[in-house]
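The report below takes up a pocket, a chain contact and a set of charged pairs in turn. Please read it alongside the sequence and the model.

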Amino acid sequence: MRQTPRAAAWLAIAAAGLGAQSAPAAKPAPDTAKKVNYVAGALSAPNSDPFPSTYQRPAARAVVIKNVNIFTSAGPLIRNGSIAVRDGKIIGVGASVELPPDAEVIDGNGRYVTPGLIDTHSHLGVYPAPGTAAHDDGNEATAPVTAHVWAEHSVWPQDPQFPRNLAGGVTTLQVLVGSANLIGGRSVVLKVVPSRAVQGMKFPGAKYGLKMACGENPKRVYQSRGPATRMANVAGYRAAWIGAEQYRRRWDKWLEKREGDPPARDLGNETLAEVLRGNILVHNHCYQADEMLQMIDIAREFGYSIRSFHHGVEAYKVADVLAKEGISGSLWADWGGFKMEALDGVKSNIAMVHAAGARAIVHSDDPSGSQRLNQEAGKARAAGMAAGIAVSEEDAIKWVTVNPAWALGLDDKIGTLEVGKNADLVLWNTNPLSVYSRADKVWVDGALRFDRRDPKQQWRTDFELGYVKANDGRTK
Amino acid sequence: MRDLTIRFSALALSATLAGAQTIAITGGTVFPVSGPKIENGTVIITNGKITAVGANLALPPGAVRVDAAGKWVTPGLFSAATSLGLSEAGGPQFSGGYNDTRAQASDGIAAAFEAADGINPASTFIRPQSEEGVTTVGVWPSGNWFAGRGAVIDLAGETVGEMTVKRGVGAYLNFSASAANTGARAAMLARTRELLGDAKQYGLRKAQYEAGAARSFAASRVQLEALQPVVAGTMPLVIDVDRASDIIAALALAKEFGLKVVLASATEGWMVAKEIAAAKVPVMVGAMSNIPTSFDGLNARQENPALLRAAGVAVTLIDNGPGDGQSYNVRNIRQQAGNAVAYGMSWDEALRSVTAAPAEALGVADRVGTLAVGRSANVVVWDGDPFEFTTKATHVFIRGALQTTRSRQDELTARYLKLPPTYKSP
């Protein structure tokens with residue numbers, strides 16, 4: 001049998017080694033004619049949003065789904081209820097709702113509705129399919145600290161994995177850079193919608209994230225030049241934060257009066273300074289319990305907080321600490337064993353973190369798992385129950401909705417089905433925690449973006465045209 | 001650990017069961033796979049074998065009874081394509097035991113690699129699989145062009161010999177140019193023809209070969225020797241192939257050399273399902289592949305198993321996805337089965353695809369895969385639909401022995417259910 005990818009996390013790094021290919025680039029003609037009128041200070045003062053979101057919610061008719069079981073992630077399952085959406089927002093949810101004029105009414109026939117699912121750990125677009133060296137854009141594995149890179153600049157919007165995720169009920173993704181580096185760079189939060197460029201997918205107003213990585217990956221990638229040990233990993237994080245803190249102080253001082261020459265800009269420190277100011281959320285790849293506790297101390301030393309530990313195969317060993325510190329765990333339902341730092345994986349990890357009172361999240365780090373976050377949640381719940389931990393179906397749905405929304409700082413907009421929230425919702429053929437569940441329809445901001453029964457409502461990327469056969473009507 | 005304590009004390013009560021010579025599983029809905037389901041059925045196990053299955057059976061004297069009322073009784077699940085026992089932890093620091101790296105650095109021919117010789121019966125990855133109802137697996141080498149020979153093992157036993165159902169159940173061929181260290185698939189095909197042709201010639205001229213009177217062959221003596229049952233058409237050549245046109249080429253090769261063939265992976269199999277059915281070649285496919293991960297598998301779709309089956313192909317479900325269904329998560333074979341059902345396969349066919357079908361494809365149907373009389377008593381009692389996540393395997397018998405050992409994962413869970421832990425034996 002083929003050597004199968006054990007974990008995207010390390011495989012991605014292995015692939016990074018292939019990246020030394022140099023395509024002969026066409027030389028651009030020097031553009032001497034173009035005159036640029038710079039806004040005063042634009043070159044030197046940091047712009048907080050140089051690649052602004054151009055996402056626009058399409059106009060859509062109001063929709064009411066009635067006779068449906070609703071996991072709201074904000075209360076108990078509503079049996080045989082209704083939900084109404086208009087102008088991109090939820091306007092009613094409950095046993096019954098007021099029917100907006102001209103609303104399309106869908107009979108749920110006893111099916112299920114959940115909020116759109118959210119994956120805190122995706123590499124869609126930066127490691128697109130098919131896997132080729134030319135599109136291997138997820139790890140800038142050239143230096144252990146690359147805080148200056150932004151994942152969005154690697155996102156290929158024609159990655160055919162995007163529509164498959166949408167068909168799995170996923171409406172929001174955090175696309176992270178890989179885990180080769182101690183500090184890898186900025187993540188970006190995307191809506192899973194078609195667009196010519198990443199800006200059209202960017203979630204308006206979402207905070208950026210910073211990817212950090214513990215343990216085996218950085219020390220393996222930089223074995224020859226260092227860090228080659230875990231102690232050098234820690235020294236590397238601290239050195240970076242020392243520099244960032246100095247940079248932040250210098251800039252904050254200048255920004256107060258805006259007089260004289262501004263300090264020199266540094267893209268990496270700009271990102272790190274924004275973490276220290278609380279404007280960028282830290283997403284820390286970390287498998288082992290002992291390393292998580294060390295990372296918490298480092299965060300405390302420099303005055304930032306960790307929003308989510310990712311992978312956290314040993315999170316169950318420090319679940320009480322995660323609860324106390326208010327750190328979420330972005331975890332797999334059942335991955336483990338694929339390397340030394342993953343050896344102690346247990347299937348009740350997510351349930352144990354949940355039971356300790358911390359925010360548990362089912363994440364994927366994998367384009368296949370990301371399409372089936374609901375199944376993974378079902379598996380994780382069952383494993384918890386097998387270990388004697390009672391987990392309600394409602395709580396398991398929170399692992400793929402409101403909890404990841406919190407980790408992305410978006411729980412005021414998405415993750416629950418409450419009046420006023422964005423109308424991201426999924427209609428499932430059956431209970432989404434079942435192995436037999438499939439998303440029948442998916443709405444993003446009240447606009448239908450996927451319909452399993454209607455090929456016209458199935459997004460095909462540019463790449464797929466001519467390469468991947470169109471729906472032949474035998475699709476279940 | 002609350003429920004585990006219950007689970008294991010219940011098992012302690014049935015200590016007699018573990019050593020029982022005759023066991024009667026009564027009152028459950030029995031899915032023998034060799035025949036239609038039996039409501040309120042009885043399965044009788046004697047000395048590790050299934051000796052009777054049916055409704056209203058008289059219990060033999062001295063039989064220890066397992067009450068399966070309200071439960072589902074099936075053959076143990078069989079995941080046909082794994083590397084279980086060959087490698088404990090994957091990743092760079094733990095180079096796996098599933099790949100002849102010396103061959104990979106040269107000609108890609110590791111046909112003599114015998115997977116059974118590398119299996120570690122003490123692997124901590126084994127027990128978590130049988131806990132979830134997997135009783136039998138196929139174990140295969142990987143990486144090389146001719147990767148080596150697989151084995152079928154039951155997941156119980158102190159030694160590989162005890163575990164083994166059959167060695168050399170097939171020879172694995174990665175039908176890819178890169179595995180053959182050639183730049184082109186046509187070159188790979190030419191090399192394949194050369195090697196198979198030379199294996200035939202070697203078989204005909206062993207005496208001359210030993211006397212140094214034969215022409216040189218494309219591989220060493222041990223490799224040619226290992227290929228003898230393949231060219232004789234007695235050992236299946238398991239061809240790992242994805243692109244529709246490559247599947248056609250593989251079928252043509254099988255015909256040309258008179259090979260017995262099983263297709264593995266077969267991502268675009270649904271596109272040539274008619275041809276595969278006509279060739280009467282079984283396939284081993286995943287039910288959760290729908291990403292065009294490579295240019296050879298652009299038309300991956302989840303209906304692949306259902307469409308192949310509908311065309312009359314014998315379908316075995318395997319877990320070739322990224323979640324390590326080959327080793328740490330072999331247990332997820334039931335998730336594959338559930339997804340196959342969600343995407344068009346009938347439930348009964350899905351059960352067959354993870355029990356009898358792999359046993360037939362790998363030539364061990366006389367031993368495992370069904371609850372037919374005379375088969376090894378690999379039997380699982382479930383508290384619900386075996387494919388559903390919330391369902392637990394309440395009793396797992398392998399060759400008639402109830403499996404009761406706690407896995408390493410159970411031990412870790414028990415230790416950390418109370419925080420902070422005491423770091424002592426519970």
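## The second largest pocket

The lining of the second largest pocket is made up of 36 residues, and those nearest its centre are A:Arg164, A:Ala167, A:Gln458, A:Thr475 and B:Asn290. Two elements of chain A, helix 2 (161-167) and helix 10 (373-386), each give two or more residues to this lining, and helix 2 of chain A supplies the largest share, four residues. Helices here are DSSP runs of H or I with at least four residues, strands are runs of E with at least two, and both are numbered from the N terminus. A pocket is an open set of points on a 1 Å grid over the protein atoms alone, where a 1.4 Å probe fits and protein lies on both sides within 12 Å along at least five of seven lines, and lining residues have an atom within 4 Å of a point.

The volume of the second largest pocket is about 760 Å³, taken as the space filled by probe spheres set on grid points that are joined across faces, edges and corners. By class, its lining holds 14 nonpolar, twelve polar and ten charged residues, where Ala, Val, Leu, Ile, Met, Phe, Trp, Tyr, Cys and Pro count as nonpolar, Asp, Glu, Lys and Arg as charged, and the others, Gly among them, as polar.

## Basis of the model

This is a predicted model, in which local features need pLDDT of at least 70 and side-chain atom pairs count only at pLDDT 80 or more, while totals for chains, interfaces and linings use all residues. Residues are numbered from 1 along each chain as its sequence is written, chains are lettered from A and ligands numbered from 1 in the order in which they are written, and side-chain values use heavy atoms, with hydrogens and water left out.

## The contact between the chains

Chain A and chain B bury about 5800 Å² between them, with 55% of it on carbon and sulfur atoms; buried area is the accessible area (1.4 Å probe) that two parts lose on being put together, summed over both. The contact (heavy atoms within 4.5 Å) takes 64 residues from chain A and 74 residues from chain B.

Three salt bridges are counted between chain A and chain B, a salt bridge being a side-chain nitrogen of Lys or Arg within 4 Å of a carboxyl oxygen of Asp or Glu. The side chains of A:Asp472 and B:Arg301 meet in a salt bridge at 2.8 Å, N to O.

## Salt bridges within the chains

Over all chains, a search of the whole structure finds 42 salt bridges. In one of them, the side chains of A:Asp440 and A:Arg111 meet at 2.9 Å, N to O. This pair links distant parts of the chain, 329 residues apart, with A:Asp440 in strand 16 (residues 439-444) of chain A and A:Arg111 in the loop between strand 4 (104-107) and strand 5 (112-115) of chain A. A:Asp440 is buried at a relative accessible area of 9%, and A:Arg111 also counts as buried, at 18%; buried means under 20% relative accessible area, exposed over 50%, and partly exposed in between (1.4 Å probe, protein chains only).

In chain B, the side chains of B:Arg399 and B:Asp154 form a salt bridge at 2.7 Å, N to O. B:Arg399 is partly exposed, with a relative accessible area of 27%, whereas B:Asp154 counts as buried at 0%.
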